[in-house]
Amino acid sequence: MNFRGTQDSVPFLGDSMTLQEAITKADNLKPNNYKFPQKVDWISDVDGMIFHEIIENHENPEELDWHPYSEDSDASIRLLADDPYSELYIFYVCAKIDFYNGEYTRYANHMQSFNDKYQAFADYYNRTHKSNKMHKFKL
């Protein structure tokens, strides 16, 4: 099944931001000269982390046919982290802009905000989805 690119794209998550919305919001908060394809790569990196580090460790990850985004991807694709966690994409794009602009204090602040939102999303997902890992306990 491919759930990407429709309003109901991610059946187990709530409202989520689109690729275009994330980039537009980051650009509005932090005007810059970086091109759209570069920002798509950065957001793809975030969803790659979410998919491989979080979603694949829970039941039925195959229900989500996730593939890295490229400049040819539909900008209306719904991203994996839903509200209220979707701000993590904005923080990440702003952090990357800060890093490549040599604004390391701002980079650190944006990365801390990103990490906080990412961890909150991971905690939420772990609480609401059954793990696919078998745990063996010795007594």
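Buried means under 20% relative accessible area, exposed means over 50%, and partly exposed lies in between (1.4 Å probe, protein chains only). By that rule, lysine 30 is buried, with a relative accessible area of 13%. Lysine 30 returns below as a salt-bridge partner.

This is a predicted model: local features need pLDDT of at least 70, side-chain atom pairs count only at pLDDT 80 or more, and totals for chains, interfaces and linings use all residues. Residues are numbered from 1 along each chain as its sequence is written, and side-chain values use heavy atoms, with hydrogens and water left out.

**Overall layout**

The protein has four helices and two strands. Helices (H or I, at least four residues) and strands (E, at least two) are DSSP runs, numbered from the N terminus. Along the sequence, the pattern reads β-α-α-β-α-α. Of the 139 residues, 43% count as buried. The protein exposes about 8,100 Å², and carbon and sulfur atoms supply 49% of that area. Accessible areas come from the Shrake-Rupley method with a 1.4 Å probe; for residues, only the protein chains shown count as cover.

Contact means heavy atoms within 4.5 Å. Take the contacts between residues at least 6 apart in sequence: 76% of them join residues at least 24 apart.

**The two strands**

Strand β1 covers residues 16–18, and two bridges join it to β2. The two strands run antiparallel. Two strands pair if DSSP finds at least two bridges between them. Threonine 18 has arginine 78 in β2 as its bridge partner. Strand β2 covers residues 78–82, and five of its five residues are buried, so β2 is largely enclosed by the rest of the structure.

The loop between β2 and α3 holds proline 84. A cis peptide bond joins aspartate 83 and proline 84, with omega at about 10°.

**Helix α4**

Helix α4 runs over residues 104–128. The expected span of a helix is 1.5 Å times one less than its number of residues. For the 25 residues of α4 that gives 36 Å, and the end C-alpha atoms are 36 Å apart, which agrees. Buried residues in α4 include His110, Met111, Phe114 and Tyr118. The buried residues of α4 pack against α2 (36–54), β2 and α3 (87–100).

**Salt bridges**

A salt bridge is a side-chain nitrogen of Lys or Arg within 4 Å of a carboxyl oxygen of Asp or Glu. The structure holds five salt bridges.

Aspartate 98 lies in helix α3 and lysine 30 in the loop between α1 (19–29) and α2, so the pair ties together parts that are 68 residues apart in sequence. Aspartate 98 counts as buried, at 0% relative accessibility.

Glutamate 103 lies in the loop between α3 and α4, so its pairing with lysine 30 ties together parts that are 73 residues apart in sequence. Glutamate 103 is partly exposed, with a relative accessible area of 28%.

Lysine 117 lies in helix α4 and glutamate 87 in helix α3, so the pair ties together parts that are 30 residues apart in sequence. Both count as partly exposed: lysine 117 at 22% relative accessibility, glutamate 87 at 35%.

Salt bridges that share partners also join Lys30, Asp98, Glu103 and Arg106 into one network.
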